[in-house]
Amino acid sequence: MTLSREFKVGLFIGCTAIIIVLALLYLAAGKGVFENMHAFTLSSKSGDGFTEGMPVVFSGFNIGKVQSLELNDKGVVLIKIKIPDRHVKWIRSDSAFILYRPLIGSARIVVNTTNLNNPPLDEKKIPEVIIVNDINDAIARIEPALERVTQIADNVERLTSNLSDPKGDLHRILSNAGKITTNLASKKSLVEMVVSDEESVKALNESLKKLKDITTTVDRILTKVDKMADKTDSEIYGKDGALPQVNVILKDIVGKLQKLDKTIDNINKISSDTSEGTKDLHILRSDIDDTLKTVEDAVKKLDAIIGLKKVPEFKVP
Amino acid sequence: MMSFGENLGRRVIQMLTAFADTIVFAGKVFIRIFRRKTYSSAMREVLLNQIYFTSVQILPVFLMVSIIFGSLLIGIVFQLLKEFGLTGFFGHVLMGLIVTELSPLLTVLLITLRSAAAINTEMAVMKVNREIKTLEMFRIDVINYLLVPRVINGIISIVLLSSLCSIVLLVSGTLFSWLIFGMSIDVYKNILLNATNFSDILIALFKCAIYGFFITLIPIRFGLRASHEFTSIPIVVSQGMVNVFAAILIIEVLSLLTKLL
């Protein structure tokens, strides 16, 4: 079956048109053209960086866009954003809106919601947009560094100009060094070059010789002192020296003191025993007192009995 | 010095006159497109044939070229994006560069090489053979019968074929995004949706229509400039084709400026 030219053309136009329309409809549906939109208003002191159609991003995903920008009577910029119904759940009462202007790439409004359980943002509320500006931040960070670099460059320039200046410090130092070396080459010694007087050099040499003699004498004295010290050492620290004997005496004293400690302990014990004994004496005393009282009572009774009878006679119990 | 100035002036005047003539001619044809009287049965027959020759006949070759060239292009671009760490711009590159810029350009170049050259030659041959004179003698409106169907065909063909090319590129983009970035279809779809602007698509479609209008109108205009000698045919054809490519460049620049504004 051969298809007519008209049919082929019709088929081509029809199919292609349907494909295009379907693609556009799919795109429109994906972009949320057929969805309910929620409008929120944000505020900012400056409209710098905001553009119509700017994306509103949550967790890196586009959830809406800036619909319009207005300047109200108080000079505050009002930014109206449109969020489709399926994304409105990300906008809560505690949501923060940040204008993020990266160094590379387009600016966007980033939504930051900490608690998704919070109630949704009231559409009449106007939260303020926080501005984060990568470019300005970078410039602010670079500025001090640039200042330092400029200072360093200035210093380097000063140094180089000083170095290149024929009357500069370096040239002066170099010429002085040249003078010193030529001077050194013409003198017999470094000292002569320094003092610039031959007599002084001789005097210095003689002084040095005398100093040598003095040091020899001092050495000799020191040797004697050393020997004396050795002797003293043997007398103090030697086998029969004073220090070992002192040690023996001290050890003896320590032994005696230990014995004395024991004696004191015994005395303490005896005194404690005595004090306990005195407690018993009190009881004994009271017992004796009681006994005496009883005896006294008995004597009184006897007196009474004896006083009544002619022949005092009584039976001993 | 004087003669150089005169020559330069003459050339500039000639160019400006030719440009003005082309614009006036384009205006005439454009107005005829919207006149109901233009669409006679003869004209419709011509239009049908023109669409058949320009779009339907070329369709298998066009789709094959779109798939091969488009896939190659998408593969190279995606690979470069990956190498330069510009994966974040993937969607914008795909929609802004490949679909709305390269796809219409590829289509218009293919149609220009195949159909615009044919239209230019056809017009020149008709002029040489005095066929146009004959049509005028029979009181047949040359603009309605010959020009308008070809121009409408140009507009329809470029718009439809360019859209098809874009869809082919997007489909091959799915494959390459999976192969190069390991991207799932859902992620690819989301990236494309986020990167797509209706205004860009409308500009691209409008640009295709403008391309279609001028890549048929300019060859017709230059074809009709042929004299009654056969030797004038290659001259007007080459002139026509050069002007068509110049027009393509101008339209491309204007569309870029429109996007920037």
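Helices (H or I, at least four residues) and strands (E, at least two) are DSSP runs, numbered from the N terminus, and two strands pair if DSSP finds at least two bridges between them. This is a predicted model, in which local features need pLDDT of at least 70, side-chain atom pairs count only at pLDDT 80 or more, and totals for chains, interfaces and linings use all residues. Residues are numbered from 1 along each chain as its sequence is written, while chains are lettered from A and ligands numbered from 1 in the order in which they are written.

**View 1. The hairpin of E3(A) and E4(A).** Five residues lie between the two strands, and A:Gly75 in the turn has a positive phi of about 85 degrees. Strand E3 (residues 61–71) of chain A runs antiparallel to E4(A), joined by six bridges. Look for A:Glu70, opposite A:Leu78 in E4(A).

**View 2. E1(A) beside E4(A).** Strand E1 (residues 37–44) and strand E4 (residues 77–84) of chain A are antiparallel, with eight bridges joining them. Here A:Phe40 faces A:Ile81 of E4(A).

**View 3. Helix H1 of chain A.** After H1(A) comes A:Gly32, with a positive phi near 80 degrees.

**View 4. Where chain B touches chain A.** Here 13 residues of chain B are in contact (C-beta atoms, placed from the backbone, within 7 Å) with 14 residues of chain A. On chain B's side, helix H2 (41–56), helix H6 (142–181) and helix H7 (185–195) each give two or more residues. The largest share, five residues, comes from H2(B).

Technical notes. Contact = placed C-beta atoms within 7 Å. Expected span 1.5 Å × (residues − 1).
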